[in-house]
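Hi everyone, thanks for making time.

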Amino acid sequence: MSDTQKKTFYVTTPIYYPSGNLHIGHTYTTVAADSIARYKRFTGYDVRFLTGTDEHGEKIQKKAKEMGMEPIEYLDGMIAKIKALWEKMEISYDDFIRTTEPRHEKLVQDIFTKLYEKGDIYLGEYEGYYCVHDEAYWTESQLVDGNCPDCHRPVEKRKEQSYFFRLSKYQDRLKKLFEENPDFCYPQSRANEMLNNFINKGLEDLSVSRTSFDWGIKVPFDPKHVIYVWVDALSNYITALGYGSGDDSLYQKYWPANVHLMAKEIIRFHSIIWPAMLMALDIPLPKQVFGHGWILFAADKMSKSKGNVVYPEPLIERYGIDALKYFLLREFTFGQDGNYTNSAFLNRINSDLVNELGNLLSRTVSMIEKYNDSVIIKTDVKTAFHDDLVNVVTAMPKIVDEKMNKLMFHEALEEIWKAIKRCNKYVDETMPWALAKDETKKDELNCVLYDLAESLRIITVMLSSTLNSTSKKIFEQLNVPDELKTFDSAFTFGLTIDGTKVNKGEILFPRLDVPKELEILENLFSDEENPKAEEKAKVEKSDEKQEITIDDFAKLDLRVGKILEVKKHPDADKLLVFKIKSGDETRQIISGIAKFYEPEQLVGKNIVYVANLKPRKLRGLESHGMILSAATPDDKNLIVLNADGIDDTATVS
């Protein structure tokens, strides 16, 4: 198929705000975008993958001033770091757009003018509570304890002249969009939130200019105003394609976008404001806006101000690119929140990459080397377990293809690992070391070794868009020719050429000493930009808890309580909100156990909880206590401490 006949696929990340170094939350989005971009290219699509940086606004201006620099000087240094990170992570973007580039600024001015001349932008006055950190206005009712509801920082009351976009004009069309296109905003929980919490409650016109700072794109017909982020940043997805320029061939080829990927906190801007702007411009809408969950640290969103940020560079340098990529895409359900811990990261490497994939390659190549002088021999003889192995391996590519096209990365990888586990089981079933001792079993031994090599080839083909570097190493050890690395070749078992000679190489992933690595990781994230990280990055170790005395334990007020109600936290997929009755008292406790229980499983049960734990807010809701539970060392199973049969007025001693 020629390039002009290929189907196109346009995927974007949000453009990141370079007010500080990027952490693994930003990395998560970019790794996901890179994985689907590579996969689509691999399966025959003409792909356009866009990322970049959002470089205007008051926060950037203030940050540069604090550092004694001009904004563009500060930005150039930050963007160099970001590009270096993406290069280190082998991110295969096709374009990197900066909103300070002339190609973007001129087209944004044209878009603003077009909307103004159409009557969809008008001049007015705005008064509200302004958060400099988020560069957002809030009404008094939206404030939380008088602070910004997003970052919880102080706000200041401001009144300024502003241009407004007639967002309210498009309310009915947006409602129809959501109702008639259930996959437009995804996952469904995000769509429900946008529809019920915003669109159905009524949309207000949107302030789209500022006069309180001047680091931005000037309104061409009123230069005392700068164009605000809604028009400036969101437009990057089409200005990068040359929309409205003298050469819009990329726009004509790739727009509308197949998917905008982003973290869930900005999905409102992309699923409500952005489509409304496109409607006003008479431009086709993107096919999907996908808001994935947050990577949490100790059940809280990563934030430099909270000192709980994990940066990707130290992890990559110590454990490799593919270890981090695999963890991000395999550990978390794409679309839901996931909790990062150093122990989960390290254990995932050991269990999946070392014990299963690495071990399978090592034992396969070693046995071919030992028993067949490094040569793969094809035979017509089949073992008793051959057909079952082949069925599992050949069924896998179709399932993986379906999962990848739905951005279900964790499930795609899970399917690949089912095939890997089946191969390891095949070794145990056939016992090639025993076959090697019996000359009459030589053909059966050759069958086992061939089956393992061919299964690994197919597995690696399907893994190549996610773990690019690792796949190259496996192909090299198995000596797989280019024509057997293609997507189509994964659907046929038996293509490995008779007589192929393997090349035993280095171990893919060295086994980790987890307790030792935990100690090292505790110190990796403490730097001058993140002074609290050393304190926050300490992770509970299953076998190295600090000793306490009986006096310490006596400080705990343990009580039995009856669970009256359980519901999912509205803003955190891993948290459950409990209403617990103990005696005459009813209290709210929030617990991060949604991964292990559905709410209805717990209602009516008596449990043990810590009653004198200092209250704290978890994603906007206050928790008054801690429910006691026990987890396995690998954190894969957890059981709430059951107190059924004990009266809910009891204390525990």
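I'll begin with the record: UniProt, in an unreviewed entry, places the feature "short sequence motif: 'HIGH' region" at residues 16-26. UniProt positions are given in the numbering used here, feature names are shortened, and annotations may be inferred rather than shown by experiment. In the model, the end C-alpha atoms of residues 16-26 lie 8 Å apart, and the span is 27% helix and 9% strand. Helices here are DSSP runs of H or I with at least four residues, strands are runs of E with at least two, and both are numbered from the N terminus.

A word on the ground rules. This is a predicted model, where local features need pLDDT of at least 70, side-chain atom pairs count only at pLDDT 80 or more, and totals for chains, interfaces and linings use all residues. Residues are numbered from 1 along each chain as its sequence is written, and side-chain values use heavy atoms, with hydrogens and water left out.

Now to the sheets. Strands E5, E4, E6 and E8 form, in that order, an open sheet of 4 strands with antiparallel pairing; two strands pair if DSSP finds at least two bridges between them. At the edges sit E5 (136-138) and E8 (206-207), each pairing on one side only. E4 (residues 121-131) is joined to E6 by 10 bridges, and Gly124 has Ser162 in E6 as its bridge partner. Between E4 and E5 there are 3 bridges, with Cys131 opposite Ala136. The hairpin of these two has 4 residues between the strands, and Glu135 there takes a positive phi near 50°.

Next, some parallel pairing. E13 (residues 289-292) runs parallel to E7 (residues 185-186), joined by 2 bridges, and Cys185 stands opposite Val289. E13 also pairs in the parallel sense with E12 (residues 259-263), over 4 bridges, with Leu261 facing Phe290 as its bridge partner. From E12 the chain crosses through helix H10 (residues 267-281) to E13, in a right-handed β-α-β crossover. Right-handed means that, with the strands pointing away from the viewer, the path from the first strand over the helix to the second runs clockwise.

Which way do the E13 residues point? Val289 and Gly291 go one way, Phe290 and His292 the other, and all are buried, meaning under 20% relative accessible area with a 1.4 Å probe, protein chains only.

On to the cores. A nonpolar core is a set of buried Ala, Val, Leu, Ile, Met, Phe, Trp, Tyr and Cys residues joined through side-chain atoms within 4.5 Å. The largest has 107 residues, and Ile416 and Trp417 touch the most other members. Beyond four places in sequence, Trp417 touches Tyr326, Asp352, Leu353, Glu356, Leu357, Leu463 and Leu467, where contact means heavy atoms within 4.5 Å. A second, separate core of 63 residues includes Tyr126, Phe184, Ala191 and Ile272.

Is Asn372 buried or exposed? Asn372 is buried, at a relative accessible area of 8%. Asn372 and Glu356 are 16 residues apart in sequence and 23 Å apart in space, C-alpha to C-alpha.

Definitions and conventions: Buried means under 20% relative accessible area, exposed over 50%, partly exposed in between (1.4 Å probe, protein chains only).
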